[in-house]
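Colleague: Could you walk me through this one before I start on it? I'd like to go helix by helix, then look at a few single residues.

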Amino acid sequence: MVKLNKIYTRTGDDGTTGLAGGDRVSKTDLRVEAYGVVDETNSFIGMARLSTAAMSTLDPILAAIQNALFDLGADLASPGTPEELGYEPLRVTQKQVDNLEHAIDALNANLQPLRSFVLPGGSPASAALHVARTVSRRAERLMVALNDREHGAINPAAMRYINRLSDLLFVAARVANDNGASDVLWVPGKDR
């Protein structure tokens with residue numbers, strides 16, 4: 001159980017932060033950047049939920065994702081094996097990836113196929129979900145960069161999760177646009 005009774009510790013005043021295993025790293029470390037952008041994604045999903053609260057198909061999915069994103073952040077903040085860490089770290093699982101895939105398939109079943117790219121917008125909920133989607137893509141790029149730098153540093157299920165998340169947020173944005181009826185479609189060269 002997490003217990004936060006003191007919010008500031010002053011330990012980060014020197015520009016470092018602690019990973020879950022106790023190591024201190026720069027606040028600009030690629031790992032910290034990655035889990036920071038995962039947290040940012042979670043915050044944008046929270047903002048989107050202000051507009052999806054009445055959408056019984058979307059809101060429970062987004063609520064579950066917000067919880068899973070904390071799992072992803074914990075996964076990223078806990079590099080190393082259980083033996084190295086001295087405890088069993090929380091890891092994203094394939095079941096969480098499967099949950100996203102099932103949700104994508106269920107939401108996408110009622111959408112017409114696209115014949116153009118979708119511009120972010122249409123409804124406030126859709127626009128907010130598109131922002132969350134683009135931020136999740138940034139988190140994914142950082143996770144890939146970290147994995148490239150430290151080969152095998154990222155749990156493969158975590159990589160699959162963040163990749164599927166942006167797909168889900170795209171489909172959710174279309175659902176929030178009256179199941180795609182209010183999508184704003186790209187018209188190539190329209191304003192030339």
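Predicted model: local features only at pLDDT ≥ 70, side-chain atom pairs only at ≥ 80, totals over all residues.

Colleague: Fine. What do the buried residues of α4 pack against?

Modeller: The buried residues of α4 pack against α2, which spans 59-76, and against α6, which spans 156-176.

Colleague: And which residues of α4 are buried?

Modeller: Gln96, Val97, Leu100, Ala103, Ile104 and Leu107 are the buried residues in α4. Because they cover an arc of only 125° around the axis, they lie on the same side of α4.

Colleague: What sits on the face turned away from that buried side?

Modeller: That face of α4 carries the exposed residues Lys95, His102, Asp105 and Ala106.

Colleague: How far does α4 reach from its first C-alpha to its last?

Modeller: Helix α4 has 15 residues, 94-108, and reaches 21 Å between those two atoms, which is close to the 21 Å expected at 1.5 Å a residue.

Colleague: Now the core. Which residues touch the most other members of the largest nonpolar core?

Modeller: That core has 48 residues, and Ile65, Leu72, Leu129, Met143 and Tyr161 touch the most other members. The elements giving two or more residues to this core are α1 (30-52), α2, α4, α5 and α6, and α6 gives the most, with 13 residues.

Colleague: Take Ile65, then. What is Ile65 in contact with, leaving aside its neighbours within four places in sequence?

Modeller: With those neighbours left aside, Ile65 is in contact with Ile45, Leu100, Tyr161, Leu165 and Leu168.

Colleague: What does the side chain of Asp183 make a polar contact with?

Modeller: The side chain of Asp183 makes a polar contact with the side chain of Asn177, at 3.1 Å. Leaving aside neighbours within four places in sequence, Asp183 is in contact with Leu114, Val118, Arg174 and Asn177.

Colleague: Last one, Ala145: where is it?

Modeller: Ala145 is in helix α5, residues 124-149, and is partly exposed, with a relative accessible area of 31%. Although Ala145 and Leu30 are 115 residues apart along the chain, their C-alpha atoms are separated by 7.8 Å.

Technical notes. Residues numbered from 1 in each chain as written. Heavy atoms only, no water. Helix = DSSP H or I, 4+ residues; strand = E, 2+ residues; numbered from the N terminus. Expected span 1.5 Å × (residues − 1). Buried < 20%, exposed > 50% of the residue type's maximum accessible area, 1.4 Å probe, protein only. Arc of directions from axis to C-beta. Contact = heavy atoms within 4.5 Å. Polar contact = N/O pair within 3.5 Å; in protein donor to acceptor, adjacent residues only side chain to side chain. Core = buried A, V, L, I, M, F, W, Y, C linked by side-chain atoms within 4.5 Å.
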